[in-house]
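User: Hey, I've just opened this one and I'm new to it. Can you walk me through it?
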Amino acid sequence: MPSCINSIILTGVRIHSPWDADTKRIRGKNGSQHEIDISDEEEFISRSSLLHRLGWILLRFLVPDIKNLHDKKLVNDEASNLLGCIFKEIRGMSDLELERMEIDKAVHNAIKHRIVEFVDELLTYNPDFIWRKDKRGRTIFSHAIILRQEKIFSLFYRLGPKKSIVASRHDIFHNNFLHLAAKLSPPAQLDRISGAALQMQRELQWYKMESLVQPKYKDQVNESHRKPDSLFSHEHKELAKKGEKWMKNTVGSSMIVGTLIAAVMFTTSFTMPGGNEAQSSLPIMLNSDRNTFMIFMISNGLSLYASSTSVLMFLGILTARYAEDDFLVSLPTKLIFGIACVFISIVTMMISLAAAMYLMLHKTLSWVSIPPIIYLLSRLFFSLHFNFLS
């Protein structure tokens, strides 16, 4: 079942815990009160929820996986409640007690494995945990930067006026937030993005958190006597070289396709289906089947212009200086725009082909327009699901 459908179902699924029991107080004949336990299912039926129950049974019949989704949601809900109880208990613990229970290791593992709920619950019940440092002098948000966990780092923006104070913290190696962002991402995080150039872009996006820190932190040096800019260049030297090589290889292959399409479309624009009239030199099909001929000409021209534009974009990429900042916006934007133009040129080329075949053969073979249309639709479907940058 697709993940998007799972998310929709999980949102609407109502949790029925088998061990929950609502305690109800009733009054006896002698005026005394006593308590009875009514199970969740009995309470469910007795409280005008029969329609919801029938809908639940029908949904389980139509969607066999609904029980598994319900159980997963139940486990997540109970785990969240358990975390809340644990974090309430550790609220008054001393630093020595927290070290004995290895809370720093647990938080680090939660950040590493992207368990946002753990960190969120921790900060909800223990807001002062934002100041806690581990043995390396690093806070929760320092680890989120190092491990490149953007969802966990997004909790930083909920701190309000405390943000500037938290962002000013240093670890024992005198690294500030910019130094930590300048370090190379863990391999597991880099591998989540295909293409060295796009990996470099992602690294630059993390490093561009200059607005979160005071300007003076850009010139601070760490234990290795490196400023954040110098550390970033040193850590990403090899990645920048791989990004340049990957970009040129991708552009080279795409440029060949764009050049071929432009050459074919330029030739086709002077070769009209059906030929031209002898006297006026106008295309014959312009009068006999004007609408289809206009589709042919417009799609031909669009394909030629789109492919030519893509070639220009790719030339701009090949002649770029490949500085670090170019990987942030300039190079990826040109690459995406160039590949989009190649895609448009392929689609319009197929429309032009279908129109040309229809103009030349539709009177003799009425079914001749069906294969190009089928191919065009299949090409569109394939292109929409194909990752150009893989």
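User: Let's start with Val 257. Is that residue buried, exposed or partly exposed, and what's its relative accessible area?

Analyst: Val 257 is partly exposed, at a relative accessible area of 35%. Keep in mind as we go that this is a predicted model.

User: Which helix does Val 257 lie in?

Analyst: Val 257 belongs to helix H15, which covers residues 237-268.

User: And how far is Val 257 from Val 311 in space?

Analyst: The C-alpha atoms of Val 257 and Val 311 are 9.1 Å apart, while in sequence the two residues are 54 apart.

User: Ok, zooming out. How many helices and strands does the chain have?

Analyst: There are 19 helices and two strands in the chain.

User: What share of the residues counts as buried?

Analyst: The chain has 390 residues, and 37% of them count as buried.

User: And what about contacts between residues at least 24 apart?

Analyst: Take the contacts in the chain between residues at least 6 apart in sequence: 70% of those join residues at least 24 apart.

User: Let's talk helix packing. At what angle do H6 and H7 cross?

Analyst: Roughly 135°, with the axes of H6 (residues 103-112) and H7 (residues 116-125) coming within 8 Å. Angles over 145 degrees would count as roughly antiparallel and 65 to 115 as roughly perpendicular, so H6 is oblique to H7.

User: Which residues make that contact?

Analyst: From H6 you have Ala 106, Val 107, Ala 110 and Ile 111, and from H7 there are Phe 118, Val 119 and Leu 122. By type, the residues of this contact are seven nonpolar, no polar and no charged.

User: What comes between H5 and H6?

Analyst: A loop, and Glu 102 lies in that loop, with H5 spanning 95-100. Phi of Glu 102 is positive, near 55°. Glu 102 is also partly exposed, because its relative accessibility is 46%.

User: Switching to rings. How many aromatic pairs are there in the whole structure?

Analyst: A search of the whole structure turns up 11 aromatic pairs. One of them is Phe 153 with Trp 206, an edge-to-face pair with 6.0 Å between centres and 65° between planes.

User: Which parts of the chain does that pair tie together?

Analyst: Phe 153 is in helix H9 (residues 150-153) and Trp 206 is in helix H13 (residues 196-207), so the pair links parts that are 53 residues apart in sequence.

User: Are those two buried or exposed?

Analyst: Phe 153 is buried, at 5% relative accessibility. Trp 206 is buried as well, at 8%.

User: And what kind of pair do Tyr 322 and Phe 327 make?

Analyst: A tilted one, because the planes of Tyr 322 and Phe 327 are at 50°, with ring centres 6.2 Å apart. Tyr 322 is buried at 10% relative accessibility, and Phe 327 is buried at 1%.

User: Now H18. What does Ser 352 touch?

Analyst: Leaving out residues up to four places away in sequence, Ser 352 touches Phe 296, Ser 299 and Asn 300. Ser 352 lies in helix H18 and is buried, with a relative accessible area of 3%.

User: Where does Ala 354 lie?

Analyst: Ala 354 is in helix H18, residues 330-361. Its relative accessibility of 13% means that Ala 354 counts as buried. The C-alpha atoms of Ala 354 and Thr 292 are separated by 9.8 Å, though the two residues are 62 apart along the chain.

User: Last one. How many disulfides are there?

Analyst: The count is zero, going by the rule that a disulfide needs two cysteine sulfur atoms within 2.5 Å.

User: And is Cys 341 buried or exposed?

Analyst: Cys 341 is buried, with 8% relative accessibility. Cys 85, at 47%, counts as partly exposed.

Note on methods. Residues numbered from 1 in each chain as written. Predicted model: local features only at pLDDT ≥ 70, side-chain atom pairs only at ≥ 80, totals over all residues. Heavy atoms only, no water. Buried < 20%, exposed > 50% of the residue type's maximum accessible area, 1.4 Å probe, protein only. Helix = DSSP H or I, 4+ residues; strand = E, 2+ residues; numbered from the N terminus. Axes fitted to C-alpha atoms, helices over the stretch in contact; angles between N-to-C directions. Parallel < 35°, antiparallel > 145°, perpendicular 65-115°, else oblique. Contact = heavy atoms within 4.5 Å. Nonpolar A, V, L, I, M, F, W, Y, C, P; charged D, E, K, R; others polar. Phe/Tyr/Trp six-rings, centres within 6.5 Å; stacked < 30°, edge-to-face > 60°.
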